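Q: I would like to learn how to read a structural model at the level of helices, surface and charge. Can we go through one step by step?

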Amino acid sequence: WLLQQAVAWEKKAEVAIKKGRDDLAKGALMEKSNSLKEAELSKQELETLQANINSLNQDISKLQNKIDDAKARQKALLMRAKTAQTHLGVKRQLEKNGTNEAMLKFERFERKLNDMEAQVEVYDLGQQSLANEIEALEAEDQVDQELAAMKARLSSAGQNNSEAK
């Protein structure tokens with residue numbers, strides 16, 4: 001707009017010169033000069049404003065990246081916390097139920113075994129032949145081996161639970 005105004009003042013100066021009015025031509029040229037100065041100042045202000053806008057846009061972009069990064073980290077931390085909480089709950093449940101229940105089953109099995117052995121002794125009291133006694137000893141050895149294997153398995157499971165803590 002200011003450049004158009006400067007062109008218009010120049011035309012007015014030309015008209016004044018043609019009509020022999022140098023005083024009006026000078027005034028028109030001064031107005032043209034003022035319009036060009038204002039146009040230059042406006043252009044510089046516009047460039048400064050554009051640079052500021054570009055700088056602000058870059059800052060906004062950086063801030064948005066930081067916000068996105070913070071959200072991603074927050075999400076990862078929440079997932080880690082949830083996983084840790086679940087893991088802790090499982091460990092507590094295993095500690096609470098796993099070891100105690102396994103030991104109770106083991107003790108029940110041992111009592112049943114003792115009861116069976118006592119019943120066998122009552123039935124066979126005084127009635128066993130040498131072959132029957134040997135057969136009973138072999139069966140007892142097999143049960144003892146099975147009992148030892150079960151004790152070892154439960155013992156290692158109990159140690160694994162303790163080490164996992």
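Q: What should I know about the numbering and the kind of model before I start?
A: Residues are numbered from 1 along each chain as its sequence is written. The model is predicted, so local features need pLDDT of at least 70, side-chain atom pairs count only at pLDDT 80 or more, and totals for chains, interfaces and linings use all residues; side-chain values use heavy atoms, with hydrogens and water left out.

Q: How many helices and strands does the secondary structure of the chain have?
A: Helices (H or I, at least four residues) and strands (E, at least two) are DSSP runs, numbered from the N terminus. Here the chain has three helices and zero strands. Read from the N terminus, the order is α-α-α. Helix 2 covers residues 22-124, and helix 3 covers residues 130-164.

Q: What share of the residues in the chain is buried?
A: Buried means under 20% relative accessible area, exposed means over 50%, and partly exposed lies in between (1.4 Å probe, protein chains only). Of the 165 residues in the chain, 10% are buried. The accessible surface comes to about 14,100 Å², and carbon and sulfur atoms hold 56% of that area. Such areas come from the Shrake-Rupley method with a 1.4 Å probe; for residues, only the protein chains shown count as cover.

Q: Is Ser35 buried or exposed, and which residues does Ser35 touch?
A: Ser35 belongs to helix 2 and is buried, at 4% relative accessibility. A contact means heavy atoms within 4.5 Å. Leaving aside residues up to four places away in sequence, Ser35 touches Leu2, Gln5, Ala6 and Trp9. Over the chain, 68% of the contacts with a separation of 6 or more are between residues 24 or more positions apart.

Q: What about Lys26: buried or exposed?
A: Lys26, also found in helix 2, is exposed at 61% relative accessibility. Its C-alpha atom is separated by 8.9 Å from that of Ala16, ten residues away along the chain.

Q: How many salt bridges does the structure hold?
A: A salt bridge is a side-chain nitrogen of Lys or Arg within 4 Å of a carboxyl oxygen of Asp or Glu. The structure holds four. One of them pairs Arg21 with Asp23, with the closest N and O atoms 3.4 Å apart; Arg21 is partly exposed, at 39%.

Q: Where do Arg73 and Asp69 lie?
A: Both are in helix 2, four residues apart, which is about one turn of the helix. Arg73 is exposed at 55%, whereas Asp69 is partly exposed at 40%.

Q: Which parts does the pair Lys151 and Glu110 tie together?
A: The side chains of Lys151 and Glu110 meet in a salt bridge of 4.0 Å, N to O. Lys151 is in helix 3 and Glu110 in helix 2, so the pair ties together parts that are 41 residues apart in sequence. Lys151 is partly exposed at 37%, and Glu110 is partly exposed at 28%.

Q: Which residues gather in the patch of negative charge on the surface?
A: A patch is made of residues with over 30% relative accessible area and no salt bridge; like charges are joined within 9 Å, and nonpolar side chains (Val, Leu, Ile, Met, Phe, Trp, Tyr) within 5 Å. Lys and Arg count as positive and Asp and Glu as negative, while His and the chain ends are not counted. The place of a charge is NZ of Lys, CZ of Arg, CG of Asp or CD of Glu. Here the negative patch consists of Glu121, Glu135, Glu138, Glu140, Asp141 and Asp144. Helix 3 gives the largest share, five residues. Glu140 has its place in helix 3 and is partly exposed, at 38% relative accessibility.
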